[in-house]
Amino acid sequence: MLLKLIAVGRLKDRALAGKCADYIRRLTGGGRKFELVELPDSGVESEGDAMLRELDRERHSAIVVLTEEGREFSSLELAQWLRKLDRKAVFIIGGPFGIAPAVKRRADLLWSLSRLTFPHEIARLLCVEQLYRAADIARGGSYHHQ
């Protein structure tokens with residue numbers, strides 16, 4: 001499983017940064033590969049241009065944009081979607097003012113974490129936790145309880 005996260009901004013909150021680092025460490029165990037690209041906060045259009053440049057390097061990857069109008073998944077549904085994927089998955093989290101429409105148009109999937117709105121730093125934590133949970137479900141691990 002190859003996963004990449006493109007996110008706007010660095011995590012300023014040490015507690016959130018520590019939790020994200022922990023889930024990424026867990027996620028990369030067992031031979032899974034995870035790449036994190038942090039783009040500078042620079043406004044929706046400039047961030048969008050930077051995201052599109054990153055996506056130009058990912059021509060054969062599945063592009064997933066996190067956005068409020070996206071599809072909601074249960075953890076089991078996300079695990080099933082990832083399990084069926086036969087290529088690298090690139091997840092994109094925008095900054096505090098959202099994601100440029102051009103980036104959304106490049107997406108293979110628009111994903112909503114919830115109908116609620118979250119700060120982008122919390123969205124990053126939720127995203128990496130759910131990716132770890134999905135990977136654990138896919139391998140038959142014990143992290144997810146039903």
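## Figure legends: views of a predicted model

**View 1. Charges of the protein chain.** The protein chain carries 24 positive and 20 negative charges, and their mean positions are 5 Å apart. The model shown here, as in every view, is predicted.

**View 2. Helices and strands along the protein chain.** Five helices and five strands make up the count for the protein chain. Followed along the sequence, their pattern is β-α-β-α-β-α-β-α-β-α. The radius of gyration is 14 Å, close to the 15 Å from the globule rule for 146 residues, so the protein chain is as compact as a globular protein of that length. Its C-alpha atoms fill a box of roughly 40 × 35 × 30 Å along the principal axes.

**View 3. Surface and interior of the protein chain.** Buried residues account for 48% of the 146 in the protein chain. The accessible surface is about 8000 Å². Carbon and sulfur atoms contribute 50% of that surface.

**View 4. Contacts across the sequence.** Take the contacts in the protein chain between residues at least 6 apart in sequence. Of these, 82% join residues at least 24 apart.

View 5. S114 sits in the loop between strand 5 (109–111) and helix 5 (120–138). Its relative accessible area is 17%, so S114 counts as buried, the cut-off being under 20%. A polar atom of the S114 side chain lies 2.9 Å from the backbone nitrogen of L116.

Technical notes: Residues are numbered from 1 along each chain as its sequence is written. This is a predicted model: local features need pLDDT of at least 70, side-chain atom pairs count only at pLDDT 80 or more; totals for chains, interfaces and linings use all residues. Side-chain values use heavy atoms; hydrogens and water are left out. Helices (H or I, at least four residues) and strands (E, at least two) are DSSP runs, numbered from the N terminus. The radius of gyration is taken over C-alpha atoms; the globule rule is 2.2 Å times the number of residues to the power 0.38. Buried means under 20% relative accessible area, exposed over 50%, partly exposed in between (1.4 Å probe, protein chains only). Contact means heavy atoms within 4.5 Å. Accessible areas come from the Shrake-Rupley method with a 1.4 Å probe; for residues, only the protein chains shown count as cover. Lys and Arg count as positive and Asp and Glu as negative; His and the chain ends are not counted. The place of a charge is taken as NZ of Lys, CZ of Arg, CG of Asp or CD of Glu. A polar contact is a pair of N or O atoms within 3.5 Å; within protein, one must be able to donate a hydrogen and the other to accept it, and residues adjacent in sequence count only if both atoms are side-chain atoms.
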